[in-house]
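Subject: Structure handover

Hello,

Please find the structure below. My notes on what was found in it follow.

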Amino acid sequence: NLTKILNIDVGDNSNMPTSMQTELKTNDFARGAEDYLSELIADVQQVNIKTDDATKFVSQLRGRYAKYQLGFNPKVLFTQASSYIAGFGELRLSSLAWAVARLPKVLEVELDKYCPWAAVRHYEKGATRAMTVTDKVDKVGDFFTQGIELMDRKIVKLEFLACQKEAQARFGLKIGTEENKIKAGELLTELGLKTQQNQLTTEKSAAMRSESEFAKTLTMFKADSMKQVSRWLQAVSTASVLRRKMQAAKQAGDMAMYNALEAEYKKSVKTICKYSSVIVVSSIYMVMLARLFNKFYGRDEEDDENKILGFFKDIFGNICGMIPIVSELYSFFFEGYDTGSFMYDSINNVLSASKGVVDTCVSLVGGENVSKEKINSSIRDVIYALGISTGIPTKNAYKVTKGILDLIAPNAGDKVDAWFKAPSEKGTVENIKAAIDKG
């Protein structure tokens, strides 16, 4: 597998692993080889990696938009825990629970020593690259997505401990021994490639291997969920093939082959059940997380009588949301959202912000009475637009700050709201609150 070869650690410093691909890019004598291998891989996978200027522009805009959405976003950090839930597809539940119960402190050097995959993944920003479906992370993106990489590292450490417990359960290798750690490193590599969001092309799901910017638009932010669905589909396909082979062996009277295939078939069915559980549990977790952050951000929720129905509806919607296009159709038909494009939305936001500032300036020059709230709102929109254009998560920074203020000092949060609301809007809100208080 050429992609795996390109990701082998060839650095001299064990604390700063360097993949062969990175070395080829920085070595003047080897750049031609890297280009050749990249084109060869693209030919094998039937992927067109040559892009024109328009595609490059869309790619850059999409990358900045993705970092604008992910950076400084606490919800994303908690969302990453779903990748640990996916570990149940390959490991025993007891191993995963054992690791969580001990809240491990795994040494960085030890993890990287026994699992080179984890080392390369961490030092080359594998989690961020997978989420954003980009080939590299610039300095701005690196700064604002540090939390994503730190959380990913902690989850991988937790999985390393779970793999040590699994190595003891499967192979009788006592935890803490050299043999156990070596086997745990091998299990972690296998686990990571099968269940974790990956920047390695050959380890991505089929949809995420596309170089089409349209396809990347549909798959960005879905790296974990698509990995889970892909593993489930793979298990279903394997079981289907084995079932047909069993029928052929039975018709041929080869009972030895039939029994061997039956054993493999049972394993596939077990895998289907495990990944079905992973998908359902992950969806429940994501819905509960979304509701928690809705409360944090002060968003409206369903009426009391609709909460249970809404909860199950959200679970179903989350499962549909794991699959590109299906998620768009679900949002359109069941949630009433129009389908859109990040590119058009981004450009519209930038242009609308610019128009808002121009209109405000024209009104001021013309002697019209312009409220401070409108001026503040225009400035805020411009800051959001700059965030989209540069990848700086300005909107997330505001939302998190506002959410914290609402929790610890509600009056301060209301004052922040008042900066951007016209007097008529504030009066309406105050009237509604007063009416609610009076019952």
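Lys125 is partly exposed, with a relative accessible area of 21%; buried means under 20%, exposed over 50% and partly exposed in between, with a 1.4 Å probe and protein chains only. This is a predicted model, in which local features need pLDDT of at least 70, side-chain atom pairs count only at pLDDT 80 or more, and totals for chains, interfaces and linings use all residues. Residues are numbered from 1 along each chain as its sequence is written, and side-chain values use heavy atoms, without hydrogens and water.

Lys125 is not a glycine, yet its phi is positive, about 55 degrees. Its loop runs between helix H9 (116–123) and helix H10 (126–132); helices are DSSP runs of H or I with at least four residues, numbered from the N terminus.

Phe72, also not a glycine, has a positive phi of about 50 degrees. Phe72 sits in the loop between helix H4 (53–70) and helix H5 (74–79), and is partly exposed at 45% relative accessible area.

Helix H16 (residues 255–296) has 42 residues and should span 62 Å at 1.5 Å a residue, the expected span being 1.5 Å times one less than the number of residues. The end C-alpha atoms of H16 are 61 Å apart, which agrees.

Ile404, in helix H21 (residues 394–408), is partly exposed at 39%. Together with Leu407 and Ile408, Ile404 makes a nonpolar surface patch of about 320 Å². Residues three or four places apart on an α-helix point the same way, because there are 3.6 residues a turn. Accessible areas come from the Shrake-Rupley method with a 1.4 Å probe, and for residues only the protein chains shown count as cover.

Regards

Methods:
Patches are made of residues with over 30% relative accessible area and no salt bridge: like charges are joined within 9 Å, nonpolar side chains (Val, Leu, Ile, Met, Phe, Trp, Tyr) within 5 Å. A salt bridge is a side-chain nitrogen of Lys or Arg within 4 Å of a carboxyl oxygen of Asp or Glu. Helices (H or I, at least four residues) and strands (E, at least two) are DSSP runs, numbered from the N terminus.
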